[in-house]
Amino acid sequence: MSQRHSLWALVVLLLALTAAWGQDSSTQQPADTTQSNPQQPVPAYGPDNTVPSISENPPISGLDMPNLEPHAAPLSYLQAGGHLSEAVSTNLANSLGGTHTGTITDALASLDLQRLWSNYDLSLDYLGGVGYYSTAGLGLKQIQELGLKQKITWKRGEFGVRDAFSYQPEGTFGSAYGSVSTLGAGLTGTGTFAGGSALGALGQVPRIMNLALGDLVESLTPRSSVTVTGGYGFVHFLANDPGTGTSFIGNSQKSVQVGYNRILRPHDQGALVYAYQGFDFSTGITFHSHVIQAMWGHRVSGRMDFLIGAGPQFTTINGSLRLTAAGRASLRYRFPKFSADLGYDHYITNGAGFFAGANSDVAHLELSRPLGRIWTAFSNIGYSRNSRVSPLTPPQVLNCNPPGGNNPLLPPCPVNGVAANTYQYGFAGVGVRRSFGREFKAYASYQFNDLAFDSSFCGTTGPCNRISQRQVGTIGLDWTPRPVRLD
């Protein structure tokens with residue numbers, strides 16, 4: 001299963017990259033560099049030669065990405081919304097080997113605020129409500145998301161504060177709520193490095209996740225800039241898995257990143273980055289990691305944003321130093337009638353409550369295409385492979401009964417989380433959306449989820465359930481009335 005999932009993820013990444021670069025080389029017209037690249041080098045500072053706008057083509061080591069819709073007018077507005085959906089799900093409890101089929105009914109409300117001043121930008125997004133699971137022991141579940149972004153700009157730089165909070169009955173990476181649904185509070189991700197997220201979920205276990213970030217960008221010259229980012233994220237589980245009794249591992253994570261950026265050519269940037277991760281787990285385990293990366297980005301205004309970075313990662317665990325690799329790659333492309341968002345990360349992550357730290361490979365691909373004036377098709381594929389930072393010891397594997405094991409004569413394994421060395425999680429979904437006037441949109445989607453632990457999960461007791469598969473079909477209705485202008 002490991003080879004099958006790994007090959008699948010690799011094929012998806014290669015196909016998407018090949019298609020996007022092929023489209024770029026075959027359809028792109030000669031660019032007017034004075035218009036397509038607002039950070040084009042200029043001779044010097046002065047009244048006629050001002051510092052280029054950071055927001056139009058931000059440094060590649062920062063958190064912001066260029067807008068692929070450059071003609072969208074910035075507005076101050078307030079917009080409310082209502083969202084209803086009905087889903088039929090196999091393995092409703094999301095348990096290992098589960099087969100019970102049931103329904104999930106969601107009733108949610110949203111509120112989006114954007115307020116722009118001359119040097120201050122504020123964005124506030126909220127999504128909240130309830131979900132009802134039609135099976136004993138689950139019933140009503142709360143769903144809450146809140147996003148905040150405040151930015152202050154000046155002539156040569158900007159400072160921003162961001163926070164993303166969520167209270168969910170399941171995880172957010174490919175869960176039944178987020179991967180192909182139109183619902184969402186406008187919370188943009190920051191990758192897997194900073195934490196505050198979970199790559200995979202088992203059971204219906206409420207969890208609180210939060211990620212707070214502060215980032216500073218300062219232009220040194222028209223061609224160079226520095227970025228500094230600091231963050232704190234945590235994941236807290238409010239219950240054990242009702243199916244296996246597993247006690248998931250909570251965690252908190254501190255992160256710092258410093259980068260130096262330089263414009264190399266009109267469409268190319270380079271950067272050198274140092275980053276730090278500090279992990280603290282509810283089991284008492286702590287460790288630290290340092291990353292050095294070289295990065296390169298290629299950007300065509302309004303069309304493409306490609307970024308790749310790689311370098312060594314130094315991790316200190318129990319007094320020993322380990323050397324591994326870390327890296328990331330992303331590609332966002334906007335074709336005339338098609339858009340794609342592809343990403344890959346390889347970092348140490350929090351282990352999603354299963355492990356006290358994991359070496360993670362994470363890939364995702366999002367596609368969208370209009371089908372005429374009122375129809376849109378969309379798809380989402382994601383995959384993560386996660387291995388323990390510290391593998392299980394031989395006594396844990398041989399002399400205890402892990403969660404899901406079938407040898408009651410052995411004592412339970414004395415570990416929190418899951419007694420396995422690796423797990424893989426993948427999902428794939430597809431859907432269509434139709435507009436009814438300017439305020440209503442209906443959608444229908446299908447999604448398949450697969451979670452699998454390696455054979456060490458069963459120890460030496462023979463076969464056991466170590467795979468959770470789930471299929472979800474959803475129909476929904478979104479109501480988003482005209483926004484209220486605040487200008």
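## Disulfide, salt bridges and strand pairing in a predicted model

C458 and C464 form a disulfide, with their sulfur atoms 1.7 Å apart; a disulfide here is a pair of cysteine sulfur atoms within 2.5 Å. By this rule the count comes to one disulfide. The torsion about the S-S bond of C458 and C464 is about -90°, so the disulfide is left-handed. C458 is buried, with a relative accessible area of 5%, and C464 also counts as buried at 19% relative accessibility; buried means under 20% relative accessible area, exposed over 50%, and partly exposed in between, with a 1.4 Å probe and protein chains only.

This is a predicted model, in which local features need pLDDT of at least 70 and side-chain atom pairs count only at pLDDT 80 or more, while totals for chains, interfaces and linings use all residues. Residues are numbered from 1 along each chain as its sequence is written, and side-chain values use heavy atoms, with hydrogens and water left out.

### The protein as a whole

The secondary structure comes to three helices and 19 strands, where helices (H or I, at least four residues) and strands (E, at least two) are DSSP runs numbered from the N terminus. Of the 487 residues in the protein, 46% are buried. The accessible surface comes to about 22300 Å², of which 60% belongs to carbon and sulfur atoms; accessible areas come from the Shrake-Rupley method with a 1.4 Å probe, and for residues only the protein chains shown count as cover. Among contacts with a separation of 6 or more, 63% are between residues 24 or more positions apart, contact meaning heavy atoms within 4.5 Å.

### Salt bridges

Side chains of opposite charge can pair when their charged atoms come close. A search of the whole structure finds nine salt bridges, each defined as a side-chain nitrogen of Lys or Arg within 4 Å of a carboxyl oxygen of Asp or Glu. Three of these pairs are set out below.

| K151 | E158 | 3.5 Å |

R332 counts as buried at 14% relative accessibility, and D305 is buried at 3%.

Strand β4 (residues 139-154) and strand β5 (residues 157-168) run antiparallel and are joined by 11 bridges, two strands being paired if DSSP finds at least two bridges between them. β4 and β5 form a hairpin with two residues between them, and K151 stands opposite G160 in β5. On to the next pairing, 12 bridges join β5 to strand β6 (residues 207-221), and these strands also run antiparallel; the bridge partner of G157 in β6 is E218.

### A nonpolar surface patch

W117, Y120, I152, W154, F159, V161, L216, V228, V256 and V258 form a nonpolar patch on the surface, with about 810 Å² of accessible area together. Patches are made of residues with over 30% relative accessible area and no salt bridge, like charges being joined within 9 Å and nonpolar side chains (Val, Leu, Ile, Met, Phe, Trp, Tyr) within 5 Å. The elements that give two or more residues to the nonpolar patch are β4, β5 and β8.

W117 is placed in the loop between β2 (102-116) and β3 (120-133), and W117 is partly exposed, with a relative accessible area of 43%. L216 is found in strand β6 and counts as partly exposed at 33% relative accessibility. Leaving aside its neighbours within four places in sequence, L216 is in contact with W154, E158, F159, V226, T227 and V228. L216 and L63 are 153 residues apart in sequence and 9.6 Å apart in space, C-alpha to C-alpha.
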